[in-house]
Amino acid sequence: MEKHELDNPAACLRDEFTDSELGVSLRVCYNCSTCSTSCPVALETGGKFNPRSIIQLANCGFEERLIEDLSPNTWECSMCEVCQEVCPQHVNLHEIFISVKNAAADFGNIPESYTSETNQVYLHGKAVPLQPVIAKRRAQLGLPPSPEVSISEIQHLMDLTPVKLILEHANTKSDLSEGSS
Amino acid sequence: MESESNKSTEQTTQSLQFDIFVGCTIQNRIPFIEKSARFVFEKLGIKLYDNNEFGCCPDPVGVQSTNHETWLTLGARNLSLAEQDNRPIVSFCNGCSETLKAVRHELLENPEEKSIIQSRLKEIGREFNGTSEVNHFIEVLYEQVGIDPIKELVVKPLTGIKIAVHPGCHYSRPHELVNTDDGLEPIYPKKILEALGATVLEYQEELMCCGSAVARVNEDAANGMLKRKYSSIQEAGADIIAVICPSCFQQLEVGQRAMKKAYKMDVKIPVLYVTELMALAFGASISEIGLKFHQVKPIKTLKAFGFE
């Protein structure tokens, strides 16, 4: 894999997991598995994807495995947030999984549907750009025209974040639709 | 009694005004939902203002998972626009309302992050202070309008229609961020539908996620989730599935075809937005709110219950 300009994503993630509020949240996990028994994706994958294993790996310094091997593949998370709701220790699984996915994206391991959606936002200011057929439908329904936003503002702001690098880098990677495991 | 409660409707709703945050999916893919939303809010006398500068919320799944900082920055821009209007936001989408609430929450809790975002917004001449509150439309209806004023507007009750409610995940979770209803057993959408005269069913898999995020990377798992959901809804005997999120709406419509392909399973249950059902109960015609644009056609079912 070619080296890209984002800092070592695994090392950054490790720092975040050891030296931040999120790290404190991670360490109170006592492995009860309530998260995994409530997870709809764990149910469907026979536990191949399950929230507890991600928390365990994050807790034990296996950041590379999480973001480079995608094993387990955090992108399979449904983001239904039930795990966080039922966690007796109030572990912030939501933010931990976002951090894992962000680091995987920095590494270039990001499914195409994510980069294409974010790219639409960059190009049009909207995740779903207006199509002529919908413009016509809106008029038929008596709705105001779908407004166009100031793309320059959106792009200016996005350029202040690392997203451009992620989008450019991801273009060089193959589709990860099935992850790797 | 009658006139007294009518008076209270006016008092409750006249003062309510919001910036309407339509969201990309409703605005540019399924705009008939926006039609029903505007119809209902107008009937209730709630003033909605359009701010044409709102961009993508951005998507709490797609954009936040790609880069949290980007999500935070663009979310703050939207909030700054509402602040400039000096109005709270009402969102008609679980995803948009989660994003806007969560961004506001995160920035108000973290002064350091807030100052970074403020300096970025300054570059485009905007400012975030966190003064505009964000509401999901269900919250506005249940908490700020209340059930009685909704009941008073019903001219065509949904009597006899058996409805399975799919509240969707981001409406009430993570609860500490969105702070509405109950995190695991939300009831507001049910109470609203009952006020319209509908029969709201209990079903086993109500909490089951629609799986739209899972479908991006693992189609089999997403189909399995939907199969559980639909089976449970069919078992309960629902005529209609009611939703409050455009992402769930699309997934639960498209998923019906996927069931045929994956499991040879027949599912044909119309999916309607709570605002569509409200509009019908408030007297809107089927054509007026564009119900013919649904993929799973609801017209036959609705006509069977006397709707034109």
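How far apart are the mean positions of the positive and negative charges of chain A? In this predicted model, which requires pLDDT of at least 70 for local features and 80 or more for side-chain atom pairs, with totals for chains, interfaces and linings using all residues, side-chain values use heavy atoms, hydrogens and water being left out. Residues are numbered from 1 along each chain as its sequence is written, and chains are lettered from A and ligands numbered from 1 in the order in which they are written. The mean positions of the 13 positive and 25 negative charges lie 6 Å apart, where Lys and Arg count as positive and Asp and Glu as negative, His and the chain ends being not counted, and each charge is placed at NZ of Lys, CZ of Arg, CG of Asp or CD of Glu.

Chain A comprises 12 helices and zero strands, assigned as DSSP runs (helices H or I, at least four residues; strands E, at least two) numbered from the N terminus. Its C-alpha atoms fill a box of roughly 55 × 40 × 30 Å along the principal axes.

Zero disulfides were found over all chains, a disulfide being a pair of cysteine sulfur atoms within 2.5 Å. For A:Cys32, the nearest cysteine sulfur, that of A:Cys87, is 6.2 Å away; A:Cys32 is partly exposed, at 37% relative accessible area. For A:Cys77, the nearest cysteine sulfur belongs to A:Cys83, 6.3 Å away, and A:Cys77 is buried, at 10%.

Notes: Buried means under 20% relative accessible area, exposed over 50%, partly exposed in between (1.4 Å probe, protein chains only).
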